[in-house]
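Biologist: Hello! Could you walk me through the charged pairs in this structure?

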Amino acid sequence: MLNSLAEQLNEGVKSSNPHVYDMLSTLGKEIYFPKEGILSQSAEASGHAKKYNATIGIATEGGIPMHLDVIQSKLSAFQPKDLYPYAPPAGKPELRTAWLTKMKEENPSLREKSLSSPIVTNALTHGLSVVADLFVNEGDAVIYPDKNWENYELTFGIRRHAEIVNYPLFTDEMTFNSQGLRDALLAQKDKGKAVVILNFPNNPTGYTPGLKEGNEIVAAVKEAAEAGINVVVVTDDAYFGLFFEDSLKESLFGKLADLHPRVLAVKVDGATKEEFVWGFRVGFITYASDSKEVLHALEQKTLGIIRATISSGAHPSQTFVLEALKSPEFHAQKEEKFQIMKGRANKVKTLLDSGKYKDVWEYYPFNSGYFMCLKLKDVSAEELRTHILHQYGVGTIALGEHDLRVAFSCIEEEYLEELFDLVYKGIHDLQNK
């Protein structure tokens, strides 16, 4: 039997949007965030235990969280209260508010949409894992392109036993394959449900669609919904903001947010790449729905997953990100780093368009993000990867038989030509064996 709190949440979803209820996995229907127990009693005590509060599971000394000076001396710019206690399961409230404000500033299409407050996750992988737990049962279709981040397979395929459905990312004209997405979606008519992952800028290719392609993606999702398919569409916006050329400059989450009653839009993003703080592990998950009941239920169920797995995210890193967002220097410093990244991307494109390498590779379109992919003509990507690694000390990523991913994000602009020259030399080495 379901816990009564889970039943209440489920009833709220069913009465507001039964399609969203049908999207939930078995775990998604069963999970809830406890209203009673240690957390609720501690919260109640924090407001009323004026003499002694013996509920919280931390140690205090002198009225502040107990700590070691060997740590605090390195973090003296921050108050112990903002570092050592547990953060709330949903994250620091001020950080959640600041991130929502940031999202709406950078995505004007979201300003009039009905959204949940962003919930803090342990970066994007954790956010995607929450999505998988809440919405994916064994055999459910999870749709994403053939050029993708390999962790999707672990998160959705291995952990949740989803049926992974791939479609070619690019058309023959090297534009986004919206028809392939449409076909993959409509093929789920008998199942009546699909989960779609949209990752732009794309890892591994560094591609973000243009406005026309973006509209085609939205149209494909809407057509599937109108065909009776419940669609959970997840925008994996890990590299959001790093748009260097003509492309969408907003997340598709805005256009998907109120698209159709059978469409649930979920945004997974974070400070990790956007603010260059990869090791801080601060991400967010945000839901869109016209129904406050649905948003409340999804938030509570998300908190249930967080409580049952990591309990809450790290407090210090949330504090660091919040302080950065509040700083008057934040935007100028971020723009400086953006220009460095854009310069590297433009340098790579100039090199590749020079013609000096055209006999051995082509490249997939890229206009954003951290990466680009070479399409090798005559040699194995894995053979090339291992050869240039051991012969020239050059690290790259082999993807499939002929694709080689190069992360220009971590190579200074002045060294990019030498990098590609060594890859080129490695190919000729293999050709002349």
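Predicted model: local features only at pLDDT ≥ 70, side-chain atom pairs only at ≥ 80, totals over all residues.

Biologist: Is K267 buried or exposed?

Modeller: Buried means under 20% relative accessible area, exposed over 50%, and partly exposed in between (1.4 Å probe, protein chains only). K267 has 1% relative accessibility, so K267 counts as buried.

Biologist: Which residue does K267 meet in a salt bridge?

Modeller: Side chains of opposite charge can pair when their charged atoms come close. A salt bridge is a side-chain nitrogen of Lys or Arg within 4 Å of a carboxyl oxygen of Asp or Glu. Here the N to O distance is 2.6 Å, and the partner of K267 is D269.

Biologist: Which residues are joined into one network with K102?

Modeller: Here salt bridges share partners. Joined with K102 are E106, E274, E275 and K334.

Biologist: How many residues apart in sequence are the parts that K113 and D258 tie together?

Modeller: K113 forms a salt bridge with D258, with the closest N and O atoms 3.5 Å apart. Both count as partly exposed, because K113 has 21% relative accessibility and D258 has 41%. K113 and D258 each lie in a loop, and the parts they tie together are apart in sequence by 145 residues.

Biologist: How many salt bridges does the structure hold?

Modeller: Another of them pairs R96 with E299. For the structure, the total is 28.

How values were computed
Residues numbered from 1 in each chain as written. Heavy atoms only, no water. Helix = DSSP H or I, 4+ residues; strand = E, 2+ residues; numbered from the N terminus.
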